[in-house]
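Hi,

Here is the structure I promised to pass on.

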Amino acid sequence: MGAKYTKGCTGWLIVLVVAALVVAAVFFAVKKKHHHRDVLPVPGPPGALDQKYADALGVALQFFQVQKSGKLVDNKITWRGDSALDDGKEAGLDLSKGMYDAGDHMKFGFPMAYTATVLSWSILEYGDQMSAAKQLDPALDALKWITDYLINAHPSDNVLYVQVGDPDIDHKCWERPETMTDNRPVTQVNKSAPGSDVAAETAAAMAAASLVFKSTDSRYSDVLLRHAEKLFTFADNYRGIYSNSIPKVQTFYNSTGYGDELLWAASWLYHATGDLSYLNYATVKNGNTFADWGRPTWFSWDDKRAGTQVHILVHYVILLLQEFKLILVHFFGATQFSSGEMNGLRSYRDTAEAVMCGLLPDSPTATSSRTEGGLVWIDEWNALQHPVAASFLAVVYSDYMLTSRTPEIQCSGKTFTPSDLRTFATSQVDYILGNNPMKLSYLVGYGDSYPQQVHHRGASIPVDANTGCKGFQWLSSTEKNPNVAMGALVGGPFKNDSYIDLRNNSMQSEPSTYNNAALVGLLSGLVTTSSVATSLR
């Protein structure tokens, strides 16, 4: 017995020595590779507030109050009142809640669900920082106002109501939401008129929100998660592009495909449930088909690929960011992932890193599409959408690098630190808040100079005006809006850094809830010191 025991101990000793040598070799190789970088300290709880960003966060969150539909509760926007109380009535549903997407009075489910997903992600990552800035409650209120609507919009497994209002009718009117009298039909996707993109995005929103409310309202969290799982099954089993099923929406929120939303939803369902089948879906079963690995893209309401890449990376591939830990895990056979899943995760990691490299202005692979003032600029319509969403991803990525003690990323032979990513994000938000050639804050209500003629019906019409549907004199008026659309992030500047403050200039002056959601996440990430990554808490 003694000899056998000794032999066993000797064998294990050899294993441990070899393991130690392997880990040491990798550690020193990594250290040599990064010999000129010191690993930054792991971030801790929120520190001192940056008052500029805290103030901007408080302003930005007010826009969700401006956009609320339904019976308003504890309304702090004096010029807003109850509206659209009968929405959904024709289908026997209460669809009175939710939010108007922009300056009109349509409820488009696709961008609304994306708004909820990004708000949820922002709260999950930076809820402690929102709380430090006393802005967590408004963020939670805005999120729940949307998820309450989404729950009601999913009355059965294979039916999802994705639109309230007729865009042709709606856009022929210029009136306050409180006085709307036009017909507001409801539109659904179902088995015969599929909408995998909008159903999967709604599943992502509900899965993400279920995590937000898990510790404070477990019953509500469970309801959200059940809806998320059923919606994902519906989206996957009955595949189709929703804007093909609903041609009228193509002019407003045309979808370019549903593969990215299916991966996005699968990643959030894995996060919410821990069920490896969802990870396998995103990495093995459908990664090669839908992920477009190796090609960086822009995160938006229509394209979730960059968001999925960063989300999967930061939540499930932390070990891949530290090569020696990965080898240690494999050596002891402790990994729960299959080889196919590991290969898929590596591809997500590599593509997420490529996304970051495309943002950093000194990177060899940086996008050249920027204004002279330094703003990433991709499209003249809603120009701020892409820099805000990309900067949010950069802050999240930076914080996970810090938490995982990853000192740098490689961009075609050049290295960049978490601080470089944070500096990029700061440059974009500072531009938005007034550090730009126009010296104009694009966040309405923040600073001394901001747009006065925001393309927004409710803001443009006096509360006591009796316009009916035809209040177009207020659209063409050259006077400033009588009501301030507090917190509205307008579309943004042209490529030459110019901005024309005219209400009729909807290309530049119209705000949207989905842009504000990304801005809330970005400001929350910058409002104080770098945050501890939630997946490692």
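The lining of the largest cavity splits into 4 nonpolar, 5 polar and 3 charged residues (Ala, Val, Leu, Ile, Met, Phe, Trp, Tyr, Cys and Pro count as nonpolar, Asp, Glu, Lys and Arg as charged, and the others, Gly among them, as polar). Among those lining residues are Val66, Arg80, Tyr100 and His456, and the volume of this cavity is about 60 Å³. On a 1 Å grid over the protein atoms alone, a cavity is a set of points where a 1.4 Å probe fits but cannot get out, while a pocket is an open set with protein on both sides within 12 Å along at least five of seven lines; lining residues have an atom within 4 Å of a point. A volume is the space filled by probe spheres set on the points, which are joined across faces, edges and corners.

Before you go on: this is a predicted model, where local features need pLDDT of at least 70 and side-chain atom pairs count only at pLDDT 80 or more, though totals for chains, interfaces and linings use all residues. Numbering starts from 1 along each chain as its sequence is written, and side-chain values use heavy atoms, without hydrogens or water.

Now for the largest pocket: its volume is about 670 Å³. It has 32 lining residues, and Phe252, Tyr253, Trp381, Glu510 and Tyr514 lie nearest its centre. By type, the lining divides into 15 nonpolar, 10 polar and 7 charged residues. Which helix gives the largest share of the lining? That is helix 9, with 3 residues (helices are DSSP runs of H or I, at least four residues, and strands are runs of E, at least two, numbered from the N terminus).

Cheers
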